[in-house]
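Here is a short note to read alongside the model. Keep the viewer open and look up each residue as you meet it.

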Amino acid sequence: MKETPRAIGSAPSPRRRILVLFAHPSPDRSEVNRPMARAAANLEGVTLVDLYGEYPTFTIDADREQARLRSHEVIVFLHPLYWYSTPAILKEWQDLVLEHGFAYGSGGTALHGKIFFNTLSAGGPEAAYRAEGYNHFTLRELLQPFEQTAMLCGMIYLPPFALFDARNAVEQGRVEAHIADWMRVLAALRDDRLDVARARRAPRLNADLAGLIREA
Amino acid sequence: MGGLLFHAFVYLCAAVVAVPIAKRLGLGSVLGYLIAGILIGPVFGLVGSETAEIQHVAELGVVLMLFLVGLELEPRLLWEMRLRLLGLGGLQVTLSAGLIGAAGMLLGCSWTTALAIGLIFSLSSTAIVLQTLGEKGLTKVEGGRASFAVLLFQDIAVIPMLALIPLLALPELGAPPGVDPGSHGESLSLVEGLSGWTYAMVVVGAVVLVVLGGQFLTRPLFRFIAGSRLREIFTASALLLVVGTALLMTLVDLSPALGTFLAGVVLANSEFKHELEADIEPFKGLLLGLFFITVGAGIDFDVLFADALTLIGLTLGVMLLKAAVLLALARLFRLTPGDGWLFTLGLAQAGEFGFVLLSFAAQNHVLTQDLTKTLALVIALSMLLTPALFILYEHLIEPRLRAGGTREPDAIDQRGTVVIAGIGRFGQIVNRLLVASGVRTVVLDHQAGQVETMSKVGIRSYFGDASRPDLLLAAGIDEARVLVVAIDDRERAVQLVAHVRRHYPRVRILARAFDVDHLYLLRQAGADVAIREVFDASLALGAEALKALGLHPFKVEKMTRAFRRHDEQGLDELYELWDADRDLSTNRALLAGIHAHRQNLAEVLAADRLQLHDRTDRGWTPPPRDYARDLAEPEPASDDTSPPDA
């Protein structure tokens, strides 16, 4: 697989630091998510955490994860969509790290004002994610638990950065363009060139990038 | 000689016949001994005048019992139950003694006599109650714990009572005071003719000698003897310790029971505690049994039949007064009704120490001989009634309270203990985990050095060969929930598992195996769980090696899990082919099985490399590339167990 060129639109000092929590239980077989993770890891201002790599037995270090959250302004879950949600370790991560008094409840203000969104690959085509499709709901509707989690934590929720029909993306040559978009979004968020207010209303973050991003 | 053999035969015969029958009938062993004594004494007249002499010897059983009580009385335990011990026990003894004494005065006794009687009847029967509670599995319920606290206090209270009773001597009986049980007919005394302050010095010196000797001399001595690995010499030295202490106390005119009790407390924290218990226990049991037999044999049926109604009335009166005090205390200390009734009915009798105090009081001319005989009968009758009261509790009160739902759940500490046999490097880790999780453990090891090291770092461990049944019993195997076998001797480990499986089927046995063959032997012997000692560590190191080669940690985790699953499955399959009596090289079926198993493992692990959709990595295998086409039906058919990229 090809590496994405390093540091698209890098700035001397990032306005926002980005934390990408990557969860793929079988990274050797990943065709989309792992290249995206590698590309993100090479972008300045981005911290990439391979959760299955760091916690292969699921013994998540909540203190360490909370410290990571504190030191970043954008939190991204990067994962394949499993049963309309994340792989198991990201659920475990939420259960252990988003504690009362830290993420929500009295004194739980650590995440206030941070930006959150899912970056995911979905197996089904976009047509499946609507009332008439076999998934019956739009992607954004299906991800409402994350939206509400972000709201409870006082975070700004953005719609998912999603790739549909992911099993055929490599053969159809869609991956490289997708990764390039992914780099644009990360860099724009980092440099505060993304129209957050407008993005919040979009069905997907990558539906109309040109309309959201003010190029440097 | 012939006479001695005959008497030994009669006593042993009576015990052997009567005790098992009594126990089978649910009456308990103490009653069996009493009945045996009644049979050979007053009923058949096989023994007669010599019972009094034998009783003096048998009182050594009481001395041994106090030593054992002392051994159980670790200062820390004592401190934990201080409230119960002093509050519950102290009030029980004081109130019972006061009430019964007052009743005695109402019946016309002088105040000194009445007080002596009150003290004697305030005591309950440690032997009967503890034995019965243990037999019925009631030691850990609140009522059982409260009973134990009171009995413990009574056992301690005996000592000041022994000091008090001579002061109550009736002048008209011409009392020579200062006669102790166990010192009957002794003319040996170091303190005769000493002035008051020298006497006090000698007494204090003797007590200090017991405490310091127990603290500093016994350990090196026992360690030296343990090093010689001669069991009977260890037993002999244990007896020597008790007899010597008793003798020292007698020489300075103190109660030998007090001295051995003190020696017991001093040694309660010693790593040799359970070994001492195991060695002394049979002697205590036999001598105490002999003591009960002589009590039964000494019951004067002429007195009983002459005044049966009065005696029965007195017995019931004493028990009612005691029960009233106990019931009030149960309320005061907020025991649940069920526990309160167990406590009340269990402790309402008079006890074996009553006999000791009674004969002591008679010797000191506090009580007249006639009165002593009557009171002995009252004690014996109340003890005879106790099993009936326990049966009443078990069959009438407990079921009713349980059905009524008023019984609260038992205290949290129902986990029972874990006995760990062998505290080498393996047992230590097991023990650390358990202790860190708040589980009480008892650790046994046959290497005195090892035990000493453990004790230094604060682990409660005891010296002793864990494969010895009596030591296991002393360590509490009969009440333990789990036995961990981690001793270094392969064969003894298997024997230990087989022994415990046979005699204590309730205990869960977890054993450390050295290799597969040993694991099968342990499994065959009845171990519930057997773990190979190096398997997990080897697997962990192998996993680290894979990570060092750059494999993804979660992939390594999955490989390790697959390897473990396959290996454990193979262990079970090969167990069917395994034969303890056959050498591996001649067991062709087993060899073939092992070969097939190894072959199979290679396939399993290779399958992951080939990305086959198989069990090694069935999870997280993406669905076929064109799977979404089949889903475009009205209802999704999700028959794939792996999570699809939806």
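The points below go from chain B as a whole to a few side chains in chain A.

1. A word on the ground rules. This is a predicted model, in which local features need pLDDT of at least 70 and side-chain atom pairs count only at pLDDT 80 or more, while totals for chains, interfaces and linings use all residues. Residues are numbered from 1 along each chain as its sequence is written, chains are lettered from A and ligands numbered from 1 in the order in which they are written, and side-chain values use heavy atoms, without hydrogens and water.

2. Start with chain B, which has 26 helices and 6 strands (DSSP runs, numbered from the N terminus: H or I of at least four residues for helices, E of at least two for strands). Of its 646 residues, 49% are buried (under 20% relative accessible area; exposed is over 50%, partly exposed in between, with a 1.4 Å probe and protein chains only). Chain B exposes about 31200 Å², and carbon and sulfur atoms supply 65% of that (areas by the Shrake-Rupley method with a 1.4 Å probe).

3. Now find Phe6(B), in helix 1 (residues 2–24) of chain B. Is Phe6(B) buried or partly exposed? Its relative accessible area is 39%, so Phe6(B) counts as partly exposed.

4. Next, the aromatic rings. A pair of rings is described by the distance of the centres and the angle of the planes. Rings of Phe, Tyr and Trp (its six-membered ring) pair if their centres lie within 6.5 Å; planes under 30 degrees apart are stacked, over 60 edge-to-face and the rest tilted. That rule gives 15 aromatic pairs over all chains. In one of them, Phe77(A) and Phe146(A) have ring centres 6.2 Å apart and planes at 90°, so the pair is edge-to-face. Phe77(A) lies in strand 3 (residues 74–80) of chain A and Phe146(A) in helix 6 of chain A, so this pair ties together parts 69 residues apart in sequence. Both Phe77(A) and Phe146(A) are buried.

5. Compare Tyr129(A) and Phe164(A): their ring centres are 5.4 Å apart and their planes at 45°, so the pair is tilted. Both Tyr129(A) and Phe164(A) are buried.

6. Finally, look at Glu147(A), in helix 6 (residues 144–152) of chain A. Leaving aside neighbours within four places in sequence, Glu147(A) is in contact (heavy atoms within 4.5 Å) with Arg140(A) and Tyr157(A). Tyr157(A) also belongs to a cluster linked by ring pairs, together with Phe77(A), Trp93(A), Phe116(A) and Phe146(A).
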